[in-house]
Amino acid sequence: MKEKLYTIELTDAVKSGDECLFCWLERKLEQENLEFVLGSSYMEGDIREETSKSGFCRHHTKMMFDYGNSLGNAWIFKSRLELVNQELKRQMGRYTPARGKGLSGILKTAGFKKPCGEKAEACSEAERWIRGEEEHCYICMRMGKIYERMLDTFVYMLREDPGFGSALAESKGFCVHHFADVLMACEEKLKPQEKEVWIPRLGELMARNLDRVQEDIDWLIEKYDYRNQDADWKQSKDALQRTMQKLAGIYPADPIFKCRK
Ligand SMILES: [Zn+2]
Ligand SMILES: [Zn+2]
(Lines give C-alpha, C1' and ligand atoms only; values in the text may rest on other atoms or scores of the structure.)
(Ligands and ions follow the chains in the order given, each with its own letter.)
Protein backbone atom coordinates (compact mmCIF):
# COMPACT_ATOMS: atom_id res chain seq x y z
CA MET A 1 0.00 0.00 0.00
CA LYS A 2 1.51 3.28 -1.09
CA GLU A 3 -1.11 5.61 0.31
CA LYS A 4 -0.90 6.85 3.87
CA LEU A 5 -1.92 4.46 6.58
CA TYR A 6 -3.49 5.89 9.71
CA THR A 7 -1.92 3.43 12.15
CA ILE A 8 -1.19 6.00 14.88
CA GLU A 9 -4.73 7.39 14.69
CA LEU A 10 -6.25 3.89 14.81
CA THR A 11 -4.04 2.91 17.77
CA ASP A 12 -5.12 6.05 19.66
CA ALA A 13 -8.76 5.39 18.79
CA VAL A 14 -8.78 1.79 19.97
CA LYS A 15 -7.29 2.89 23.29
CA SER A 16 -9.59 5.90 23.71
CA GLY A 17 -12.17 4.00 25.75
CA ASP A 18 -14.93 5.38 23.52
CA GLU A 19 -18.14 3.47 22.69
CA CYS A 20 -17.01 3.43 19.04
CA LEU A 21 -13.53 3.94 17.72
CA PHE A 22 -14.84 5.24 14.38
CA CYS A 23 -17.15 7.76 16.08
CA TRP A 24 -14.06 8.96 17.93
CA LEU A 25 -12.02 9.21 14.71
CA GLU A 26 -14.83 10.83 12.77
CA ARG A 27 -15.36 13.53 15.40
CA LYS A 28 -11.63 14.33 15.37
CA LEU A 29 -11.61 14.40 11.59
CA GLU A 30 -14.65 16.67 11.47
CA GLN A 31 -13.15 19.13 13.93
CA GLU A 32 -9.83 19.19 12.06
CA ASN A 33 -11.67 19.88 8.83
CA LEU A 34 -13.68 22.73 10.33
CA GLU A 35 -10.45 24.21 11.60
CA PHE A 36 -8.95 23.84 8.14
CA VAL A 37 -11.90 25.36 6.27
CA LEU A 38 -12.31 28.29 8.65
CA GLY A 39 -8.61 28.64 9.45
CA SER A 40 -7.09 30.66 6.67
CA SER A 41 -7.56 28.29 3.73
CA TYR A 42 -10.60 30.26 2.53
CA MET A 43 -8.33 33.09 1.42
CA GLU A 44 -6.57 30.75 -1.02
CA GLY A 45 -8.10 31.06 -4.48
CA ASP A 46 -8.11 27.39 -5.42
CA ILE A 47 -9.68 26.29 -2.15
CA ARG A 48 -12.36 28.98 -2.34
CA GLU A 49 -13.14 27.84 -5.85
CA GLU A 50 -13.60 24.30 -4.55
CA THR A 51 -15.80 25.33 -1.60
CA SER A 52 -17.90 27.48 -3.95
CA LYS A 53 -18.45 24.54 -6.28
CA SER A 54 -19.00 21.86 -3.62
CA GLY A 55 -20.96 23.89 -1.11
CA PHE A 56 -21.78 22.47 2.30
CA CYS A 57 -24.44 20.09 3.59
CA ARG A 58 -27.01 21.32 6.11
CA HIS A 59 -25.22 19.67 9.04
CA HIS A 60 -21.85 21.25 8.26
CA THR A 61 -23.34 24.65 7.42
CA LYS A 62 -24.71 24.77 10.97
CA MET A 63 -21.41 23.56 12.42
CA MET A 64 -19.54 26.27 10.50
CA PHE A 65 -21.79 28.99 11.90
CA ASP A 66 -21.42 27.63 15.43
CA TYR A 67 -17.66 27.38 15.09
CA GLY A 68 -17.35 31.15 14.82
CA ASN A 69 -15.20 33.28 12.50
CA SER A 70 -18.01 35.31 10.95
CA LEU A 71 -15.73 37.03 8.44
CA GLY A 72 -14.32 33.72 7.22
CA ASN A 73 -17.80 32.25 6.91
CA ALA A 74 -18.98 35.37 5.11
CA TRP A 75 -16.23 35.07 2.48
CA ILE A 76 -16.93 31.38 1.91
CA PHE A 77 -20.71 31.71 1.67
CA LYS A 78 -20.59 34.92 -0.36
CA SER A 79 -18.68 33.07 -3.09
CA ARG A 80 -20.97 30.07 -2.92
CA LEU A 81 -24.04 32.32 -3.16
CA GLU A 82 -22.68 34.04 -6.26
CA LEU A 83 -22.37 30.70 -7.99
CA VAL A 84 -25.77 29.39 -6.88
CA ASN A 85 -27.52 32.66 -7.67
CA GLN A 86 -26.13 32.74 -11.20
CA GLU A 87 -27.01 29.12 -11.97
CA LEU A 88 -30.48 29.32 -10.41
CA LYS A 89 -31.29 32.30 -12.63
CA ARG A 90 -30.08 30.34 -15.65
CA GLN A 91 -32.17 27.30 -14.68
CA MET A 92 -35.32 29.33 -14.10
CA GLY A 93 -34.77 31.35 -17.28
CA ARG A 94 -35.22 28.23 -19.37
CA TYR A 95 -37.83 26.55 -17.19
CA THR A 96 -40.88 25.33 -19.05
CA PRO A 97 -43.58 23.89 -16.78
CA ALA A 98 -44.41 20.35 -17.82
CA ARG A 99 -47.84 19.76 -19.29
CA GLY A 100 -48.41 16.52 -17.50
CA LYS A 101 -46.76 15.23 -14.36
CA GLY A 102 -43.36 16.76 -14.93
CA LEU A 103 -40.29 14.87 -15.99
CA SER A 104 -40.88 12.09 -13.50
CA GLY A 105 -39.63 8.86 -14.91
CA ILE A 106 -36.98 10.50 -17.06
CA LEU A 107 -34.82 12.07 -14.40
CA LYS A 108 -33.94 9.19 -12.22
CA THR A 109 -31.11 10.77 -10.27
CA ALA A 110 -30.97 13.43 -7.59
CA GLY A 111 -34.62 13.52 -6.65
CA PHE A 112 -36.57 14.42 -3.54
CA LYS A 113 -35.53 12.48 -0.49
CA LYS A 114 -38.52 11.62 1.67
CA PRO A 115 -38.07 11.76 5.44
CA CYS A 116 -37.97 7.96 5.43
CA GLY A 117 -34.89 8.13 3.21
CA GLU A 118 -36.66 6.84 0.12
CA LYS A 119 -35.84 8.80 -3.00
CA ALA A 120 -38.39 10.13 -5.45
CA GLU A 121 -37.50 11.28 -8.93
CA ALA A 122 -37.03 14.91 -9.80
CA CYS A 123 -39.84 16.52 -11.79
CA SER A 124 -37.85 19.20 -13.59
CA GLU A 125 -34.29 20.06 -14.64
CA ALA A 126 -34.16 22.93 -12.15
CA GLU A 127 -35.29 20.71 -9.31
CA ARG A 128 -32.79 18.08 -10.29
CA TRP A 129 -30.00 20.65 -10.34
CA ILE A 130 -30.87 21.86 -6.80
CA ARG A 131 -31.17 18.31 -5.46
CA GLY A 132 -27.84 17.48 -7.03
CA GLU A 133 -26.19 20.50 -5.40
CA GLU A 134 -27.42 19.26 -2.03
CA GLU A 135 -25.70 15.94 -2.51
CA HIS A 136 -22.17 17.26 -2.16
CA CYS A 137 -20.37 19.03 0.65
CA TYR A 138 -16.77 20.17 0.80
CA ILE A 139 -16.29 18.97 4.39
CA CYS A 140 -18.07 15.63 3.87
CA MET A 141 -15.91 15.09 0.78
CA ARG A 142 -12.62 15.79 2.56
CA MET A 143 -13.66 13.65 5.51
CA GLY A 144 -14.91 10.84 3.31
CA LYS A 145 -11.56 10.35 1.59
CA ILE A 146 -9.64 10.04 4.85
CA TYR A 147 -12.34 7.95 6.51
CA GLU A 148 -12.07 5.42 3.71
CA ARG A 149 -8.31 5.20 4.25
CA MET A 150 -8.94 4.72 7.96
CA LEU A 151 -11.19 1.76 7.21
CA ASP A 152 -8.44 0.34 5.00
CA THR A 153 -5.96 0.87 7.82
CA PHE A 154 -8.31 -0.88 10.23
CA VAL A 155 -8.38 -4.01 8.07
CA TYR A 156 -4.62 -3.79 7.49
CA MET A 157 -4.01 -3.68 11.25
CA LEU A 158 -6.36 -6.60 11.90
CA ARG A 159 -4.18 -8.66 9.59
CA GLU A 160 -0.74 -7.35 10.43
CA ASP A 161 -0.77 -6.19 14.04
CA PRO A 162 -1.71 -8.75 16.72
CA GLY A 163 -1.43 -6.01 19.36
CA PHE A 164 -4.19 -4.09 17.61
CA GLY A 165 -6.40 -7.18 17.54
CA SER A 166 -6.08 -7.69 21.28
CA ALA A 167 -6.59 -3.98 22.04
CA LEU A 168 -9.73 -4.16 19.91
CA ALA A 169 -11.02 -7.14 21.88
CA GLU A 170 -10.56 -5.09 25.08
CA SER A 171 -12.25 -2.03 23.57
CA LYS A 172 -15.94 -1.12 23.56
CA GLY A 173 -16.21 -1.95 19.85
CA PHE A 174 -18.31 0.13 17.49
CA CYS A 175 -21.66 1.83 17.19
CA VAL A 176 -24.18 0.08 14.96
CA HIS A 177 -23.86 2.81 12.29
CA HIS A 178 -20.10 2.42 11.88
CA PHE A 179 -20.24 -1.35 12.30
CA ALA A 180 -21.88 -1.50 8.86
CA ASP A 181 -18.76 0.16 7.41
CA VAL A 182 -16.51 -2.23 9.33
CA LEU A 183 -18.39 -5.24 7.95
CA MET A 184 -18.19 -3.81 4.45
CA ALA A 185 -14.43 -3.20 4.71
CA CYS A 186 -13.83 -6.71 6.08
CA GLU A 187 -15.91 -8.30 3.34
CA GLU A 188 -14.03 -6.35 0.68
CA LYS A 189 -10.49 -6.62 1.97
CA LEU A 190 -10.06 -9.80 4.01
CA LYS A 191 -9.26 -13.20 2.53
CA PRO A 192 -11.96 -15.88 3.02
CA GLN A 193 -10.01 -17.66 5.79
CA GLU A 194 -9.42 -14.34 7.55
CA LYS A 195 -13.13 -13.58 7.42
CA GLU A 196 -13.82 -16.92 9.11
CA VAL A 197 -11.74 -15.71 12.03
CA TRP A 198 -12.61 -12.04 12.23
CA ILE A 199 -16.32 -11.78 11.44
CA PRO A 200 -17.37 -13.99 14.40
CA ARG A 201 -14.94 -12.12 16.69
CA LEU A 202 -16.35 -8.78 15.64
CA GLY A 203 -19.89 -10.08 16.07
CA GLU A 204 -19.01 -11.24 19.57
CA LEU A 205 -17.43 -7.87 20.41
CA MET A 206 -20.59 -6.09 19.28
CA ALA A 207 -22.92 -8.45 21.19
CA ARG A 208 -20.94 -8.13 24.43
CA ASN A 209 -20.87 -4.35 24.28
CA LEU A 210 -24.47 -3.89 23.20
CA ASP A 211 -25.45 -6.08 26.18
CA ARG A 212 -23.35 -3.87 28.46
CA VAL A 213 -24.99 -0.66 27.23
CA GLN A 214 -28.41 -2.34 27.43
CA GLU A 215 -27.78 -3.10 31.10
CA ASP A 216 -26.70 0.50 31.70
CA ILE A 217 -29.80 2.03 30.11
CA ASP A 218 -32.05 -0.49 31.86
CA TRP A 219 -30.54 0.51 35.20
CA LEU A 220 -30.92 4.21 34.36
CA ILE A 221 -34.67 3.64 34.11
CA GLU A 222 -34.69 1.56 37.31
CA LYS A 223 -32.95 4.43 39.10
CA TYR A 224 -36.04 6.61 38.53
CA ASP A 225 -37.98 4.20 40.72
CA TYR A 226 -38.20 5.82 44.20
CA ARG A 227 -37.17 2.51 45.75
CA ASN A 228 -33.82 2.85 44.02
CA GLN A 229 -33.17 6.48 44.74
CA ASP A 230 -30.35 5.72 47.15
CA ALA A 231 -28.93 2.88 45.07
CA ASP A 232 -25.64 3.26 43.24
CA TRP A 233 -25.78 4.71 39.72
CA LYS A 234 -23.30 2.05 38.59
CA GLN A 235 -22.31 2.94 35.00
CA SER A 236 -25.68 4.48 34.18
CA LYS A 237 -25.25 8.24 34.64
CA ASP A 238 -24.42 8.83 30.98
CA ALA A 239 -26.21 5.74 29.68
CA LEU A 240 -28.67 7.74 27.57
CA GLN A 241 -26.08 9.51 25.43
CA ARG A 242 -24.04 6.31 25.13
CA THR A 243 -27.12 4.37 24.01
CA MET A 244 -27.88 7.06 21.42
CA GLN A 245 -24.27 6.95 20.23
CA LYS A 246 -24.29 3.15 20.06
CA LEU A 247 -27.40 3.28 17.86
CA ALA A 248 -26.83 6.34 15.70
CA GLY A 249 -23.09 7.09 15.76
CA ILE A 250 -23.40 10.59 17.23
CA TYR A 251 -22.36 12.37 20.43
CA PRO A 252 -25.61 14.02 21.57
CA ALA A 253 -24.03 15.44 24.74
CA ASP A 254 -21.08 17.12 23.02
CA PRO A 255 -20.76 20.87 23.54
CA ILE A 256 -20.75 23.05 20.40
CA PHE A 257 -17.37 22.92 18.70
CA LYS A 258 -16.00 26.45 18.68
CA CYS A 259 -12.91 28.17 17.36
CA ARG A 260 -10.24 27.74 20.04
CA LYS A 261 -8.23 30.86 19.16
ZN1 LIG B 1 -19.56 5.01 15.57
ZN1 LIG C 1 -21.14 17.85 5.06
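Author: Let us start with a term: buried means under 20% relative accessible area, exposed over 50% and partly exposed in between, with a 1.4 Å probe and protein chains only. Cys57 and His60 are both buried. This is a predicted model, where local features need pLDDT of at least 70 and side-chain atom pairs count only at pLDDT 80 or more. Residues are numbered from 1 along each chain as its sequence is written, and ligands from 1 in the order in which they are written.

Reader: Why is the arrangement around the zinc ion (ligand 1) called tetrahedral?

Author: Four donors count as tetrahedral if all angles lie between 85 and 135 degrees. Around the zinc ion (ligand 1) the four donor atoms subtend angles of 100 to 113 degrees, so the arrangement is tetrahedral. Those donors are Cys20 (SG), Cys23 (SG), Cys175 (SG) and His178 (ND1), spaced C-x2-C-x151-C-x2-H along the chain.

Reader: Why are α7 and α8 called roughly perpendicular?

Author: Angles of 65 to 115 degrees count as roughly perpendicular. Helix α7 (residues 138-160) and helix α8 (residues 162-170) pack at about 105 degrees, and are therefore roughly perpendicular to each other. Their contact (heavy atoms within 4.5 Å) includes Phe154 and Met157 of α7 and Phe164 of α8.

Conventions
Heavy atoms only, no water. Axes fitted to C-alpha atoms, helices over the stretch in contact; angles between N-to-C directions. Helix = DSSP H or I, 4+ residues; strand = E, 2+ residues; numbered from the N terminus. Parallel < 35°, antiparallel > 145°, perpendicular 65-115°, else oblique. Donors = N, O, S within 2.8 Å, 3.2 Å for Na, K, Ca; no water. Tetrahedral: all angles 85-135°; square planar, octahedral: opposite > 155°, others 65-115°.
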